[in-house]
Amino acid sequence: MNRTNKKNADRSVSRIGDDYMIIVMKPSSSEEHINEILRVLQSLGLGAHLSKGSQVTIIGVIGDKRVLNDVPIDLMPGVDKIVPIVESYKLVSKTFKPEASVIDVDGVKIGGKEIVMMAGPCAIENKEQIFQTARAVKKSGAKFLRGGAFKPRTSPYAFQGLEEEGLKLIYEAAHENDLKIVSEVISERTVEIADKYVDVFQIGARNVQNFHLLREVGKAGKPVVLKRGPATTIEEWLNAAEYIVSEGNDKVILCERGIRTFETATRNTLDISAVPVVKAQSHLPIIIDPSHAAGKAQYVIPMAKAAIAAGADGLIVEVHPQPRHALSDASQQLIPEAFDKLCKDISLMAEILEREFKYGD
Ligand code: PEP
Ligand code: MN
């Protein structure tokens, strides 16, 4: 999207969000046909968002489409049909982009055939802990090291994270083991700090509807893992993703981590159905966090396997060398040996499911 279009898009999306339609081009349409439509839309002050699939190109039109009343776009060369997007979210919808998005984080692709494993402690606690975990999860097949430096805790007196010191440690540990980094940001200031160290920002469950923060990570342009909130509907969650994408950052990975229900045997209830529902409604990849859903280490592995069986694109799992001594989420973190067994099992499942996962480093 060029600058003018993006400016129009921002203004129009917030002004008349429902006035969004797509122009579906014929498979035989040419680059010239597409450019001519973009030119007409621009001359009418409309924003455009281009989505090129392997079969068809789709042009999303943003703005007050009444200006098109006298312009027979549907008769222009190369146009197949015009379809309104009825969902409240637009750019993340499957109508807008029927093909699954694959998000490339420096060579690690999320949303394709590969099952991507992200693992690490709830919080970065010290050098020994993060290095030990990094070595272990790498050996089992993880591609990402996770670890919080800014911890959003229920109690203000609980451990709040090592902040930038922690990010320096996870950076060293990840780079020594050829792992990518995913870590949570909780404010504009922490986005600026974390930007120097992480490959992927994590937006935690508590901030899924912090719209200002969503726009900030949208502007930052880096891939984002967007957790679902404990009481967020799938529609609200996809609208949260829309906030990020509408800022021009389409590298959003959705993450289901359990929702709050009447059940108290587990910390949250993992909504496995979110996987096929999201896949039906959006082109964005979806991963599962079985750790915060289960809340107890003994339930993490079965939940993780169920997520992969349901079609999740990856997992983010809490692993700690000594969970009992962890400064946060002690009861749900796996010991490295348990994580290793999970990875072995996932590699067997991958064969049956025609996915890819390489067990071992
Ligand atoms: C976390 O990943 O450590 C975390 C706090 O997760 P959530 O936001 O899902 O509770
Ligand atoms: Mn945690």
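These legends describe close-up views of one predicted model.

Residues are numbered from 1 along each chain as its sequence is written, chains are lettered from A and ligands numbered from 1 in the order in which they are written, and side-chain values use heavy atoms, with hydrogens and water left out. Because the model is predicted, local features need pLDDT of at least 70 and side-chain atom pairs count only at pLDDT 80 or more, while totals for chains, interfaces and linings use all residues.

**View 1. Four protein residues supply donors to the manganese ion (ligand 2).** Donors are N, O and S atoms within 2.8 Å of the metal (3.2 Å for Na, K and Ca); water is not among the atoms, so sites may look incomplete. Along the chain, the donor spacing reads C-x169-H-x25-E-x10-D. Histidine 292 sits in helix H9 (residues 290–294) and aspartate 329 in the loop between strand E14 (314–318) and helix H11 (336–352), so this pair ties together parts that are 37 residues apart in sequence. Helices (H or I, at least four residues) and strands (E, at least two) are DSSP runs, numbered from the N terminus. Both histidine 292 and aspartate 329 are buried. Buried means under 20% relative accessible area, exposed over 50%, and partly exposed in between (1.4 Å probe, protein chains only).

**View 2. The structure has zero disulfides.** A disulfide is a pair of cysteine sulfur atoms within 2.5 Å. Cysteine 255 is in none; its nearest cysteine sulfur belongs to cysteine 122, 13 Å away. Cysteine 255 is buried at 0% relative accessibility. Cysteine 343 is also in no disulfide, and its nearest cysteine sulfur, that of cysteine 255, is 16 Å away. The relative accessible area of cysteine 343 is 0%, so this residue is buried.

**View 3. An open sheet of four strands runs in the order E2-E3-E1-E4.** Pairing is antiparallel. Two strands pair if DSSP finds at least two bridges between them. Strands E2 (47–52) and E4 (79–84) are at the edges with a single partner strand each, so one side of each has no neighbour in the sheet. Neighbouring strands are turned by 20° against each other on average, direction ignored. Axes are lines fitted to C-alpha atoms, for helices over the stretch in contact, and angles run from 0 to 180 degrees between N-to-C directions. Five bridges join strand E1 (residues 20–25) to E4. One bridge pairs methionine 21 with proline 84 of E4. Helix H2 (residues 31–43) packs on this sheet and touches E1, E2, strand E3 (57–62) and E4. The direction of H2 makes about 0° with that of E3. Contact means heavy atoms within 4.5 Å.

**View 4. Eight strands form a closed barrel, E7-E8-E9-E10-E11-E12-E13-E14.** The pairing is parallel. Here neighbouring strands are turned by 30° against each other on average, direction ignored. E11 and strand E12 (residues 252–256) pair over four bridges. Leucine 226 has leucine 254 as its bridge partner in E12. Helix H4 (residues 163–176) packs on the sheet, touching E8 and E9, and its direction makes about 160° with that of E9. Helix H8 (residues 274–281) touches E12 and strand E13 (286–288), with its direction at about 170° to that of E13.

**View 5. Strand E9 (residues 180–185) is largely enclosed by the rest of the structure.** Six of its six residues are buried. Lys180, Val182 and Glu184 point one way, and Ile181, Ser183 and Val185 the other. Strand E8 (residues 144–146) runs parallel to E9 and is joined to it by three bridges. Arginine 146 has valine 182 as its bridge partner in E9.

**View 6. Threonine 95 lies in the loop between E4 and strand E5 (103–105).** Threonine 95 is partly exposed, at 26% relative accessibility. Leaving aside neighbours within four places in sequence, its contacts are Ile22, Ile58, Val83, Ile85 and Glu87.
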